[in-house]
Amino acid sequence: MHVRGLDRRFDPTRDRRAAPCAGQVATEPGVATALDGSTMAYEIGTLYVPENRAKPGSRLIGVGFARVRAARATDAPPIVLLAGGPGVTMLDIVLDHDEAARRRVKAWQAYAQVADLIVIEQRGYTLRGDLMEIDSPALPLDRPSTTAQDIEVTRDLARRAQAAYPQADLSGYSITQIADDVDDLRQALGYDKVSLVAASFGSQWAFAVLKRHPGRVARAVISSAEPLDYGYDMPSQVFAAFQRIAVEADADPGLEPYLPPGGLIAAMRAVRDRFAGGPVTVTVEDEGGQARRIVLGLEDYQLALITYSADAAAFPRFVVSAYHGHYEAWARDAIGWRASEKRSLINPLINIGLDMTAERKSLLWSDPALPMLGNWNFAAYLATKGEWATPDAGDAFRRPVQDPTPVLFVQGDWDTSTPIENTLAMLPYFPNSRTIVLHRAQHNDPFALLRGRPEVAAKVYDFLRDGRTTDLPAEVQLDPVTFARPDFPAPGRAVSTQGTRPDTSPRLNRR
């Protein structure tokens with residue numbers, strides 16, 4: 001609901017010579033078009049905030065935001081949408097005009113049927129302020145990639161970060177500062193309380209807002225939860241999600257001829273053991289018809305398992321293709337993964353500053369699934385802590401506390417990026433919470449539920465509107481997955497190739 005009183009908005013048209021002050025906003029109107037041709041009026045704006053609130057006289061920076069007014073008068077608190085990442089922009093939804101943007105405009109319109117919708121960007125990665133990126137080097141193809149190599153790349157980025165942005169105080173790009181940005185925007189726009197809708201890193205951001213600004217969040221919908229002390233996933237919990245996918249993959253008639261006794265998990269372990277014996281060299285043709293050679297090793301395989309598991313439909317095809325010595329599609333992807341790329345600076349700045357408690361760190365390094373999945377998820381950031389500018393957030397901030405805020409958790413049980421155990425661990429701390437488990441949903445699926453399951457979406461919108469939880473389901477079954485089949489003939493009932501050296505001559509199979 002709106003709070004009557006001082007309007008703190010900054011209007012640059014009123015006095016173009018005036019410099020903005022902390023907590024002011026500058027806005028301009030716009031209209032976006034949805035996929036169905038309907039239009040959505042919005043404001044796009046810049047919130048001015050101190051780069052580092054802990055330092056008097058810190059320079060002001062801009063943080064972008066957009067606001068879509070409610071379709072009709074409502075007493076519901078405004079909905080603040082928090083994106084993942086860190087290092088993701090959402091203002092392109094209203095600034096771009098491609099099909100994907102117009103599809104997402106429709107989702108924003110649905111929220112505006114409930115209340116005002118506010119989308120805030122992340123400081124340091126915003127289209128209305130600094131977009132801080134740095135180039136990472138291309139990695140060699142003539143040797144396996146390793147986490148040791150990744151540590152050195154991350155260390156090199158830390159050394160170059162300040163020189164790349166000499167005007168910036170990089171110590172200000174922390175989880176606590178972006179949480180305070182949300183509350184500053186709430187105040188600047190004149191709202192007493194807000195509701196939060198957040199996924200992935202956005203959920204971690206939401207947990208930070210709840211902790212930093214108690215009483216200012218009316219309710220929250222948190223999907224793909226990433227608690228403050230859970231920025232790095234437990235390998236065993238990721239592996240448990242693999243096992244849940246494998247249950248259905250093993251029963252798939254199209255995959256059955258490719259699977260060894262023991263199914264997908266046995267194939268996965270056999271390939272892991274094979275690569276533990278040494279790397280393989282794979283030759284493929286690029287799009288121009290030129291031969292490219294790449295050496296793939298054990299840690300390449302561990303990285304590929306994590307990467308491909310994000311798409312449950314294609315994940316078993318990768319595993320069984322590797323089991324049968326067909327590495328070509330993986331090799332082409334791996335060549336792309338080793339290319340130079342731009343990385344957002346706020347990802348390491350925020351994540352490394354947040355860090356984790358010593359107890360969780362001990363569990364992480366002793367996790368029984370480390371031999372299968374390796375330590376790609378956390379090694380580089382833990383090894384370079386202290387080399388980045390952001391201060392340690394502290395255990396008192398990281399540890400969960402009792403919070404009476406009503407929260408609706410929405411979590412997929414096939415999520416290999418933020419495992420379901422993350423959500424389950426938070427339930428005792430949120431006594432007024434409810435949980436919807438989506439069977440077969442992965443990391444990016446839960447919010448698609450709001451569009452694909454209108455009967456459930458309506459109940460989620462009711463929760464955002466007035467806190468109602470009547471008839472909310474505890475579990476939703478998504479449609480069965482159609483698993484992709486390998487693009488080579490099925491060999492019949494497979495026999496184990498554990499310990500053998502498969503033929504690595506090019507077969508030029510494409511996905």
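# Notebook: cavities, sheet and rings

Grid points are joined across faces, edges and corners, and a volume is the space filled by probe spheres set on the points.

The model is predicted, so I noted that local features need pLDDT of at least 70 and side-chain atom pairs count only at pLDDT 80 or more, while totals for chains, interfaces and linings use all residues. Residues are numbered from 1 along each chain as its sequence is written, and side-chain values use heavy atoms, with hydrogens and water left out.

**The second largest cavity.** I found about 50 Å³ of space in it. Its lining is made of Val-80, Ile-118, Ile-120, Val-182, Leu-185, Arg-186 and Val-194. Which helix gives the most to this lining? Helix 4 does, with three residues. Helices (H or I, at least four residues) and strands (E, at least two) are DSSP runs, numbered from the N terminus. By class, I noted six nonpolar residues, no polar and one charged. Here Ala, Val, Leu, Ile, Met, Phe, Trp, Tyr, Cys and Pro count as nonpolar, Asp, Glu, Lys and Arg as charged, and the others, Gly among them, as polar.

Next I followed ten strands, which form an open, mixed sheet in the order 1-2-3-5-4-7-8-12-13-14. Strand 1 (25-33) and strand 14 (475-477) are at the edges with a single partner strand each, so one side of each has no neighbour in the sheet. Two strands pair if DSSP finds at least two bridges between them.

I looked at two pairings. Strand 1 and strand 2 run antiparallel, joined by nine bridges, and Ala-26 has Thr-46 as its bridge partner in strand 2. In their hairpin, with five residues between the strands, Gly-37 takes a positive phi near 90°. Strand 8 (217-223) and strand 12 (407-412) pair in the parallel sense over four bridges, with Ile-222 opposite Phe-409 in strand 12.

Helix 5 (201-212) packs on the sheet, touching strands 4, 5, 7, 8 and 12; contact means heavy atoms within 4.5 Å. The direction of helix 5 makes about 145° with that of strand 7. Axes are lines fitted to C-alpha atoms, for helices over the stretch in contact, and angles run from 0 to 180 degrees between N-to-C directions.

**The second largest pocket.** It holds about 240 Å³ of space. Of its 20 lining residues, Phe-207, Lys-211, Val-401, Asp-403 and Phe-430 are the closest to its centre. Helix 5 turned up again, giving the most to this lining with three residues.

**Rings.** I read off 17 aromatic pairs. Rings of Phe, Tyr and Trp (its six-membered ring) pair if their centres lie within 6.5 Å; planes under 30 degrees apart count as stacked, over 60 as edge-to-face and the rest as tilted. Why is the pair of Trp-365 and Phe-378 edge-to-face? Their planes are at 85°, with the centres 4.9 Å apart, so the pair gets that label.

**Backbone.** Last, I found a cis peptide bond joining Gly-85 and Pro-86, with omega about -5°.

Key
1 Å grid on protein atoms, 1.4 Å probe; cavity = no way out; pocket = protein on both sides within 12 Å on 5 of 7 lines; lining within 4 Å.
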